[in-house]
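Q: I would like a close look at a single part of this model. Please keep it brisk and tie that part to its surroundings.

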Amino acid sequence: MSFDFSPLLIRTAEQAEKDCKGIFERIDKTVRANRARVLEAFIDCRVSEADFNASTGYGYNDRGREKLDEVFARCIMSEDSLIRHSFASGTHTLTVALFSMLRPGDTMLCITGTPYDTIRPVIGIGGKNRLGSLADFDIHYEEIPLAEDGRIDIDAVRNALAKKKYAVVYMQRSRGYTLRPSLGTDEIEEAARIVHENSDAAVFADNCYGEFVEPVEPTAVGVDLMAGSLIKNPGGGIAKCGGYIAGKRELVEQAAFRMTAPGVGREIGATLGNTRELFMGLYAAPFVVGEAEKTAVFAARLAELLGFEASPAYDEPRYDIIQAIKLKTPDNLIRFCKGLQAGSPVDSYVSPEPWPMPGYENDVIMAAGTFTNGSSIELSCDAPLRDPFAVWLQGGLDFQSGYFGAMSAFSKLIENKCPD
Ligand SMILES: *Cc1c(COP(=O)(O)O)cnc(C)c1O
């Protein structure tokens, strides 16, 4: 293997990097602000080596676990939080949060269209599914599609709230496998304000991929509870697994009872030596998220210069670390994923193929040459095989490795197609 890319690709990449300079400076400013908040939280909460000690068994009196909840809450701008290696995935974490807020007879209203693929069976979209979905427990669900421009349809939300009582209003910050724009905290703030002015529903956000992308977080602008995955942004590429729930103190407390058991809540849960990595990942997260964003911006510009449409465009505002690129054909899509995999530090010799992944409607192809299985704060890409054959690219622990990963992907994509 050698990274000897074609002269055309190298010239194009040089131009792309030049074009990205101003955007990279903007990203650095956000990283600086988030870095300050995170470091201050560590200092003010007096994080110490003793907090990294492992607990076993029930995990009673685990001071490190309690301190981590406190530090994480400050970093993510929430009153309180639960951050645990024992959440198996983002979907598991979101499931715990939703079941903690909703009771039989309640209705949840999603205001950002149909949620992310793996959340649909959790809600039981399409009816009772005997999988233990919300629908199985007589928790009802309605959704409001996004408006024509991809933003929340505020008028439709107002109308819905006037007609009916909802227990939870749900929004998804990131785009998932769609080409909608991600939600900025300005838009989240407006929607949360409308909900609070017109109802007593709790506002919930799926914050996956959004953490530390902006200098403020959803819970600082009116969201009552949110959740996300630690093998995405807030684990900083260091957490080996886990998730978090953060927000209003009483809602976090309720979530703790659903996370373990009523009565014991957050008092138990052995950390088994994971606490140090969760602290360290959180500490790294603002920087790593910035590097992932730079990788996305660079890949977007490179795609544009090579004649592909990037969403968001390289210079559009970003509210998550996801970069979609419309590759037009299944062949292009598969080549791109194979190229990205080939430029990864782990399993570079493996060739990804489309497969029917559990929880997803279409066959999915994924490239993830990652140290942590399925980690998408590490450079990775995935795509369901469906029109317009867009690939969703995310992660990159440092821009330099993101650069080579992206170059390897584009190199495979344009192989034999663009003569010099
Ligand atoms: C990643 C993600 C989830 C949860 O996914 P897991 O693969 O279960 O960690 C939920 N919602 C969105 C928008 C996501 O990006």
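How many nonpolar, polar and charged residues are in the lining of the second largest pocket?

A: The model is predicted. By class, the lining of the second largest pocket holds 11 charged residues, six nonpolar and four polar. In total, 21 residues line this pocket. Nearest its centre are P181, S182, E316, P317 and Y319. The volume of the second largest pocket is about 350 Å³.

Two elements each give at least two residues to this lining: helix α6 (185–198) and strand β8 (309–311).

Take β8 first. It belongs to an open sheet of five strands, ordered β8-β9-β12-β11-β10. The pairing there is antiparallel. β8 and β10 are the edges, each with a single partner strand, so one side of each has no neighbour in the sheet. From one strand to the next, the twist averages 20°. Helix α8 (residues 275–305) packs on this sheet and touches β8, β9 and β12. The direction of α8 makes about 15° with that of β9.

Inside the sheet, β9 (residues 323–326) runs antiparallel to β12, and four bridges join the two. K326 has A390 in β12 as its bridge partner.

One joins S311 and P312, with omega about 0°. P312 sits in the loop between β8 and β9. Another cis bond joins D387 and P388, with omega about 5°. P388 is in the loop between β11 and β12.

Now α6. This helix lies across β4 (168–172) and β5, and it runs at about 170° to β4. Both strands are part of an open sheet of seven, in the order β1-β7-β6-β5-β4-β2-β3, with mixed pairing. β1 and β3 are its edge strands, and each pairs on one side only. β5 (residues 202–206) pairs with β6 (residues 225–229) in the parallel sense, over three bridges. Across that pairing, F204 of the β5 stretch stands opposite L225 in β6.

M77 lies in the loop between α2 (63–75) and β1 (80–84). Its phi is near 60°, a positive value in a residue other than glycine. K128 forms a salt bridge with D138, and the closest N and O atoms are 3.0 Å apart. Both residues lie in the loop between α4 (120–123) and β3 (140–143), so the pair ties together parts that are 10 residues apart in sequence. The model has 26 salt bridges in total.

At least two lining residues come from each of α3 (90–101), β10 (364–367), β11 (380–384) and β12 (390–394).

Definitions and conventions:
Residues are numbered from 1 along each chain as its sequence is written. This is a predicted model: local features need pLDDT of at least 70, side-chain atom pairs count only at pLDDT 80 or more; totals for chains, interfaces and linings use all residues. Side-chain values use heavy atoms; hydrogens and water are left out. On a 1 Å grid over the protein atoms alone, a cavity is a set of points where a 1.4 Å probe fits but cannot get out, and a pocket is an open set with protein on both sides within 12 Å along at least five of seven lines; lining residues have an atom within 4 Å of a point. Grid points are joined across faces, edges and corners, and a volume is the space filled by probe spheres set on the points. Ala, Val, Leu, Ile, Met, Phe, Trp, Tyr, Cys and Pro count as nonpolar, Asp, Glu, Lys and Arg as charged, and the others, Gly among them, as polar. Two strands pair if DSSP finds at least two bridges between them. Axes are lines fitted to C-alpha atoms, for helices over the stretch in contact, and angles run from 0 to 180 degrees between N-to-C directions. Contact means heavy atoms within 4.5 Å. A salt bridge is a side-chain nitrogen of Lys or Arg within 4 Å of a carboxyl oxygen of Asp or Glu.
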